[in-house]
Amino acid sequence: MGAIIRASALFLAGCLVLGGCRRADRADPARERPPASAAASAPPAPSRRDEPPLSRHGEAIALSPDEKTMFVADEEHEALFLVPTAATEPSAVRVVRLPGPPAEVVALPTRVLVTIRSLPTAAARTARDAIRGPVPEASKVAFLPVEQQPPPGDRSAETTKRAELVKRARTRPRNTRPNVFDPSVVRQSEGGLLLVLAADAAAGLVEVARVALPPDAWGLAVTPDEKRALVTSAWSATVSAVDIERARLIASVTTPREPRGVVIAPDGVHAYVSHLVGSGLTELVLGPDTLTAREVPLPAARARAVPGVELAASLGYDLVLSPDAESIYVPRHALGADGIGAWWGAPTVDVLDRASEEPVAPLHRAPVAARVDASYVRASEAWEALPGEAPSPRLDLVQPRAVVYRRATDTLLVASEGDDALTELDALAADPAMAERRSFALGVDYDPFGDFPEHGGGPAGLALSRDEATAFVYCRTTFDVAAVDLRTGDKRYVHLADDGLPADAAYGRRLFASARAPALSGGLGCAACHPEGRDDGFVWSEGDLSQGRPELHFVGSRKNAKMRMNDKDGTPPLALFPRQTPMLAGRMRANGPYGWHGESVDLPARILVGTELHRAPWQPSGADRAAGEDAAKLDYLADYLRSGLLPPPTVAHAPTSVEQRGKAIFESDAARCSRCHVPASEFTDRTALPLPALAERRGFDTEPNPAFKTPSLWFVAGTAPYFHDGSQATLEDLVRTNRDRMGNTSQLSADERAALVAYLRTL
Amino acid sequence: MKRSASLLALVTAVSGASSAAPPTPSTAPSASAAPSASAASGALPVLRGADVPAGVSGAPSSKEWPGARPIWPTRGDAGACRLSAIREWVRLVCPLVPAAGLVAGDPTGVSVHVSGQRGSDDGTPKEPLVTTVVLPVRRGEARIVSFSRIGVEYETESIVEGGVLSVVWRAGKADPTLVMSEMPTGPVTLGPGGGE
């Protein structure tokens, strides 16, 4: 790897001397033709058996034990890239087609394991092929030098480019009919998989075994003896234990929503799972033929919480153990967390002490009053740093996707999807997110119109070299791998493939993930609350926090509204209303209306409203820009929501008798569920009806407008909690307590209610 | 605005005086420098568990502190702050810091004192602005302290975040860990008109 960096540095030096460099033209095959060198064209060689794996913890990217090959799981292209780490030409790259979208990979000495989120049915395969675009080709993999950025302060080139892009966006023919998929087809799955692959001279890797798993197989970890694996299935809310040698499922257990990352302790018995939704972890105990699970509480960002309040968490994509296995680190979002300038909460890295099962971070308590003997020191204003206030949320930790522990320095490397950053934190601090050591900006060549990078966008996977001197980061929205020299900060990029989506939707993909587009949000990407187009399970607070004209904003908690601008004498008390994050994927086909009360005529109009909602009141308005020259972004996002954001996989099966009975109840004139939840239109009539008000929830105010648009019931089984205020934890609770508020269910027996719930779970 | 101007004058004046502060044993962190496992490679020792008696004692008196042992954080950089320890008590004396506070952890015994005297109406200081924080470092406990500093943007000063001290002594561990982290030193953008 050192050779790569040196070569890169040499190239860079040459660029400086010669006065400028051009990126390799990926459209010119002649430039990419590999030299006829046997060494250069050799496929990645299998590792020697005596070399231990670099990691038995799954990521979207892994290094072979000999560090000669990186394996990249490209979910969007449903492919595994095998890229020699020392390569500078695409000739030795291999692209292995996979039977479905991969999530994580582990490279063992003689085997490579890959989780496959879904094995699509034939119909779903056809639909997905149309969405995904062309199959990536190894010959088009591009090895890029780092480009020089414009000098600070020189924005002339940027301004010119922006003007060109705005003009192009205005005049570009719109996709009159983007590739809108049918959610009921594209979701069809035969289940998830764990693939076992072995080296092959021609193909690079070939499948030697597969193990059927619950749909949405995602996280992966292998026991120290490399005989068993644990796989999380996110949408199915299960974790499965797999016998690798025999390629058989040992056992599966149910967990809370969205299990994602999984790590196995050195004893090979205990393991921990992080969740995309909720603050707790799941502890697993792996027996010879058994797997048991229990929840372990891990309150989010205790040092940032209001006394007596336990914060919610989201985005627990990944977690890592300390080398001594005494601590578990979970980067994620602490929703409603306090901090200077915090409006939604703050990114955090929560540390669990395994022995005590207590968080390492201390509790936020009452402030200590300072003695001030300096008359000229004034008190802080509301928007300034208050004594004892937690630090501001770090943008370079927003939307954390992956983490590794760097044992030589006792630091953590965290990949931030929202900020295109790789950030190093002190692992020995009480709250590592408050102890940043440095941050590497991975994004290069930022689009001045879209505010996202040409390369290095959306970091989502991490692998660390054995000497811990190089971090390999898979950047998911730009389909690159960034190799970061942690000693020098040099970065080198390998571009694996172009986005297979139509151009507008591809643009929307990058906007969706990025937290850096000021026209769209205040430092939070769409993917922060709608990870993969799903939901964070959180109930946000919406209220008028503006100065002057009424302007609604979201905050994570009432504490986050402390900087309300019009909070003066005579101002009515701040009213906050609950808004549970809705799921987006597969629910965006209708023209409209959208919004809680059906107030937005169509999807771009709703996204425009969202650009105002999703920022702090003291941040510059985005709507004025988004409605003007940036209006094209709304269309780009709408295209991505409709044609790129795939719904979760579900195993298609013939309905059981109970489900059939539930369907009959749902559609009956007695229950009247289908009157509003119209099956033919995503199980909604898109109409706001004034239903009897729900009981006021603690911490929120009485809703002035009780008419809420009928929500879609697509995928309702996996979107708990329910109602706009999140007041019902389960579908069972919802149906049991509904009585006749929605339709008429008070006459249903317990068995009939159970049948109705069983049917709802099939939607 | 008048108060702001005088505070700015104070900071400018004290900045010159800060060169008299004892040299810190580590250099300021750079963007590309790999973080060190311990910044205390210089003259000052870090706080060790062996130096901290078991049990609970009262906070040292002001007469005791001049005899305290100078120490350095286990990790990170104390900047201009000077640290010292007596028994299980640690004191930080931080020039140019207008405020500090306990973010999290048991507040019992924690004290913050901001001092300094203006010598004339133009803001020239007679005594430099100093914030002193005293806190206990005990086995099984953790605390987080935040510091403020004075930032200047568009010729207007404001009080902004200035660093964090994390103190953790995990149960069963031989030594406490004091981590000091400097917050960003770039342009400060807080409040109305400050941008994002």
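## Pairing within a sheet of chain A

Two strands are taken to pair if DSSP finds at least two bridges between them. In this predicted model, strand 35 of chain A, residues 539–544, is joined to strand 36 of chain A by four bridges, and the two strands run antiparallel. One of the residues involved is A:Glu542, whose bridge partner in strand 36 of chain A is A:Phe554.

These strands belong to an open sheet of three strands in chain A, arranged in the order 36-35-37 with antiparallel pairing. Strand 36 (552–555) and strand 37 (577–580) of chain A are the edge strands, each of which pairs on one side only, and from one strand to the next the twist averages 40°.

## Two domains of chain A

Chain A is divided into domain 1, covering 511–643, and domain 2, covering 653–760, and the centres of these two domains, taken over C-alpha atoms, are separated by 25 Å. Where the domains meet, 22 residues of domain 1 of chain A are in contact with 25 residues of domain 2 of chain A.

On the side of domain 1 of chain A that touches domain 2 of chain A, the elements giving two or more residues are strand 35 and strand 37 of chain A, and strand 37 of chain A provides the largest share, with four residues. Sorted by class, this side of domain 1 of chain A has 10 nonpolar, seven polar and five charged residues.

## Crossing of helices 7 and 11

Helix 7 of chain A, residues 503–513, and helix 11 of chain A, residues 631–643, have axes that come within 7 Å and cross at roughly 95°.

Helix 7 of chain A contributes A:Asp504, A:Ala505, A:Tyr507, A:Gly508, A:Arg509, A:Leu511 and A:Phe512 to the contact, while helix 11 of chain A contributes A:Lys633, A:Asp635, A:Tyr636, A:Leu637, A:Asp639, A:Tyr640 and A:Ser643. Taken by class, the residues of this contact between helix 7 and helix 11 of chain A comprise seven nonpolar, two polar and five charged.

## The setting of A:Val112

A:Val112 lies in strand 6 of chain A, which spans residues 112–116. A residue is buried if 20 or more other C-beta atoms lie within 10 Å of its own; A:Val112 has 26 other C-beta atoms within 10 Å and is therefore buried.

Leaving aside residues up to four places away in sequence, A:Val112 touches A:Phe71, A:Val105, A:Ala107, A:Leu197 and A:Leu205. A:Val368, by contrast, is 256 residues apart from A:Val112 along the chain, and the C-alpha atoms of the two are separated by 54 Å.

## Chain B and its side towards chain A

Chain B contains one helix and 10 strands, and from the N terminus on its elements run α-β-β-β-β-β-β-β-β-β-β. Of the 196 residues in chain B, 46% are buried. Among contacts in chain B between residues at least 6 apart in sequence, 63% join residues at least 24 apart.

Between the chains, 53 residues of chain B are in contact with 59 residues of chain A. The elements of chain B that each supply at least two residues to the side touching chain A include helix 1 (2–17), strand 6 (111–118), strand 8 (142–153) and strand 9 (156–168). Strand 9 of chain B gives the most to this side, with seven residues, and the residues of the side of chain B that touches chain A divide into 28 nonpolar, 17 polar and eight charged.

Note on methods
Residues numbered from 1 in each chain as written. Chains lettered and ligands numbered in written order. Predicted model: local features only at pLDDT ≥ 70, side-chain atom pairs only at ≥ 80, totals over all residues. Axes fitted to C-alpha atoms, helices over the stretch in contact; angles between N-to-C directions. Contact = placed C-beta atoms within 7 Å. Nonpolar A, V, L, I, M, F, W, Y, C, P; charged D, E, K, R; others polar. Buried ≥ 20, exposed ≤ 12 C-beta atoms within 10 Å, placed from the backbone. Domains from an automatic or database assignment.
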